[in-house]
Amino acid sequence: MGTKQNGGPKVQGKFNKLLNSDNVVGYVFIGLFIIGFLWFTLYPLVYSLYLSFTNYDGLGDPKFVGLLNYQRMFTMDPRYIKSLTVTFIYVITSVPLKLAFALIVAMMFKGGGRAIAVYRTLFYLPSVIGGSVAVAVVWRQLWGYDGIMNQIFRSLGLMEGSFSFIGSPNTAMMTIVVMAVWQFGSPMLVFLAGLKDIPASYYEAAEVDGANGWQKFWKITMPCLSPTIFFNLINQMITGFMAFTQAFIITRGGPNDATMFYVLYLYDRSFTNFQMGYGTAMAWVLIIIVGLLTALIFKSQHKWVHYESGAGGN
């Protein structure tokens, strides 16, 4: 009995010591984050993986069907293959063009001054408002039948009559790519930060050696800016695969599925046709595709990305 009586104060003392420790304070502060992560991120992620193996309409009980959804995607759904192809074309076309324009403008605005700061802000605005529904509606009017772009091309003598750029399978994708390139403000600011980190002594030494502007760009600017290019490439590639609003508002995926982006088709299957199981399977395939492409880019960085520490390419 005496042992039990002495054990109580010892346990109480250890408990009080634990409450007074810094670890408890840390756990209290991160507790809400951990609970939120487990409930709102990890659980939905795991449950969506389960739903990808089911036939689920969002209302009834999921019915397990194994790999049928994945088999259907690649063997029984030509629209899925079309959406995958369209998305790859969009990413391969828009991402390099956006990065090229962002770098060109960043090179133009890397100097200081109030006027330059104002111009930088103006060029960044399209990235802030470009993803909005209102801008997509305006873009649809610009490139629609007898829109402003029609008037511009007619005044330049490049076309006769009226033409709907968003209504033709041959030009609909082009209008959305142009809209994506127009939103180059975000990577431009990242390029500006990278350009300001390049030591001026590099350019001064190159001038002493007689290097011209083109040589300084390829031998100094591009190698020193390669980590920034790498960062922008990863971000813009992921953003490209998530394209949705532009096609949903401007073309609705048409004409003839010419702009049926992957996420738009996923939305159509999941929320228009109530094929939630099939939609979650598509989402997981997209995660795998983006993950593999990101891994490939990371794998290739040692060949072309130059770091001051010596890691990466030379």
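Student: Is Leu-286 buried or exposed?
Tutor: Buried, because its relative accessibility is 11%, and the cut-off for buried is under 20%. Keep in mind that this is a predicted model.

Student: Which helix is Leu-286 in?
Tutor: Leu-286 sits in helix H14, which covers residues 276–304.

Student: And what does Leu-286 touch?
Tutor: Leaving out residues up to four places away in sequence, Leu-286 touches Phe-241, Tyr-262 and Val-263.

Student: How far is Leu-286 from Leu-266?
Tutor: Their C-alpha atoms are separated by 9.9 Å, and the two residues are 20 apart along the chain.

Student: Let's zoom out. How many helices and strands are there?
Tutor: The chain has 14 helices and 2 strands.

Student: How much of the chain is buried?
Tutor: Of its 314 residues, 38% count as buried. As for contacts, take those between residues at least 6 apart in sequence: 63% of them join residues at least 24 apart.

Student: Where does UniProt put the transmembrane regions?
Tutor: The UniProt entry, which is unreviewed, places the feature "transmembrane region" at residues 24–46, 88–109, 121–142, 229–250 and 276–298.

Student: What does the model show over 276–298?
Tutor: That stretch is 100% helix and 0% strand, and its end C-alpha atoms lie 33 Å apart.

Student: And over 88–109?
Tutor: There the chain is 95% helix and 0% strand, with 32 Å between the end C-alpha atoms.

Student: New topic: how do H6 and H8 pack?
Tutor: Helix H6 is residues 133–143 and helix H8 is residues 172–182. They pack at an angle of about 130 degrees, and their axes are 11 Å apart.

Student: Why call H6 and H8 oblique?
Tutor: Angles over 145 degrees count as roughly antiparallel and 65 to 115 as roughly perpendicular. The angle here is about 130 degrees, so H6 and H8 are oblique to each other. The crossing of H6 past H8 is right-handed.

Student: Which residues meet there?
Tutor: From H6, Val-135, Ala-136, Trp-139 and Trp-143; from H8, Met-174, Thr-175, Val-178, Met-179 and Trp-182. By type, the contact of H6 with H8 has 8 nonpolar residues, 1 polar and no charged.

Student: Is H8 mostly covered or mostly open?
Tutor: H8 is mostly covered, with 8 of its 11 residues buried. The buried ones are Ala-172, Met-173, Thr-175, Ile-176, Val-177, Met-179, Ala-180 and Val-181.

Student: What covers the buried residues of H8?
Tutor: The cover includes H6, H12 and helix H4, which is residues 78–108.

Student: You mentioned H12. What is in the loop between H12 and H13?
Tutor: Pro-255 is one of the residues in that loop, which lies between helix H12 (245–250) and helix H13 (262–272). The peptide bond from Gly-254 to Pro-255 is cis, with omega near -10 degrees.

Student: What about Arg-252 and its phi?
Tutor: Phi of Arg-252 is near 60 degrees, which is positive in a residue other than glycine. Arg-252 belongs to the loop between H12 and H13 and counts as exposed, at 57% relative accessibility.

Student: Last one: where is Asn-256?
Tutor: Asn-256 is also in the loop between H12 and H13. Its phi is positive too, near 55 degrees, and Asn-256 is exposed because its relative accessible area is 64%.

Note on methods: Residues are numbered from 1 along each chain as its sequence is written. This is a predicted model: local features need pLDDT of at least 70, side-chain atom pairs count only at pLDDT 80 or more; totals for chains, interfaces and linings use all residues. Side-chain values use heavy atoms; hydrogens and water are left out. Axes are lines fitted to C-alpha atoms, for helices over the stretch in contact, and angles run from 0 to 180 degrees between N-to-C directions. Helices (H or I, at least four residues) and strands (E, at least two) are DSSP runs, numbered from the N terminus. Angles under 35 degrees count as roughly parallel, over 145 as roughly antiparallel, 65 to 115 as roughly perpendicular and the rest as oblique. A crossing is left-handed if the near helix is turned anticlockwise from the far one by less than a right angle, and right-handed if clockwise. Contact means heavy atoms within 4.5 Å. Ala, Val, Leu, Ile, Met, Phe, Trp, Tyr, Cys and Pro count as nonpolar, Asp, Glu, Lys and Arg as charged, and the others, Gly among them, as polar. UniProt positions are given in the numbering used here, feature names are shortened, and annotations may be inferred rather than shown by experiment. Buried means under 20% relative accessible area, exposed over 50%, partly exposed in between (1.4 Å probe, protein chains only).
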